[in-house]
Amino acid sequence: MKKLLAVIIAVMLCASACAPKETAMDPVTPGTEGGQTASTEADDTGEFISEEDGRNINAMLPIMDSIVRSIGIDSDTKYDAKSDDLIWSVLYLTGVNWGMSIEPETAEPTVTTDEEGYVTVPASTMEDYAAAAFGGERSIPKIAASFAESVTFDDSAKAYRFAPSDMGDTIARIDSIAPDGSAVRVSVGLYLGSGERLGGMVFTLEKCDTAGQFKYCVTAAVKVSSKVSTYSNPALCRYKS
């Protein structure tokens, strides 16, 4: 059920990820149809995002969602790839909120949950999360003191075990994707179920080959506190046939 829900959400997000340049996007109420779809016209620079790249960027939503929630839309915290507290907050939220639904299809699932809601994630998968969230760096610091009661490590199984968490009533949505040289800038908003935008962040993503199931890595993230999407250069996307 979780994987089915994740697929449905991903399809909805993909349909609204790109908007015409200089055109504001109407927020989409999660769980409903609506919003603008990708343009088939080239932008002023002739840049485009391939269909494969679009899928890979959308696959980064769990990582970006966890970063937005870890930093908070009303706090003074900034994206810092050297902060153990931030690293562990992102890893914890990715594992407990998304681990079961984003695991690639395998003969034998490696991310598991028990009847009490605890989620177990292999260390190698956690390294994928870390690399995707923090510029391709796979090394994971010692469990931060602030997460000592929420995360444990099973050395014999080489896996982390996460205490249950409530994801809350908000949903992260990709508002726009814009090519920026070899990178892409992705605007992500945090929305209420009513469709009201609470704030968000603009992420810089670059392709990387150290993040396992993820094909992009976050290299920068800047908070946008506005309740409307203020990203001024949404892509005019053109997909390869």
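**Surface and salt bridges of a predicted protein model**

The accessible surface of the protein comes to about 12100 Å², and 52% of this belongs to carbon and sulfur atoms; such areas come from the Shrake-Rupley method with a 1.4 Å probe, and for residues only the protein chains shown count as cover. This is a predicted model, in which local features need pLDDT of at least 70, side-chain atom pairs count only at pLDDT 80 or more, and totals for chains, interfaces and linings use all residues. Residues are numbered from 1 along each chain as its sequence is written, and side-chain values use heavy atoms, with hydrogens and water left out.

Student: How many salt bridges does a search of the whole structure find?
Tutor: A salt bridge is a side-chain nitrogen of Lys or Arg within 4 Å of a carboxyl oxygen of Asp or Glu. The search of the whole structure gives a total of ten.

Student: Are Arg173 and Asp175 buried or exposed?
Tutor: The two side chains meet in a salt bridge, at 2.9 Å from N to O. Buried means under 20% relative accessible area, exposed over 50%, and partly exposed in between (1.4 Å probe, protein chains only). Arg173 has a relative accessible area of 6% and Asp175 has 0%, so Arg173 is buried and Asp175 is buried.

Student: What is the relative accessible area of Arg185?
Tutor: The side chain of Arg185 meets that of Asp180 in a salt bridge (2.8 Å, N to O). Asp180 counts as partly exposed at 35% relative accessibility. Arg185 is also partly exposed, and its value is 34%.
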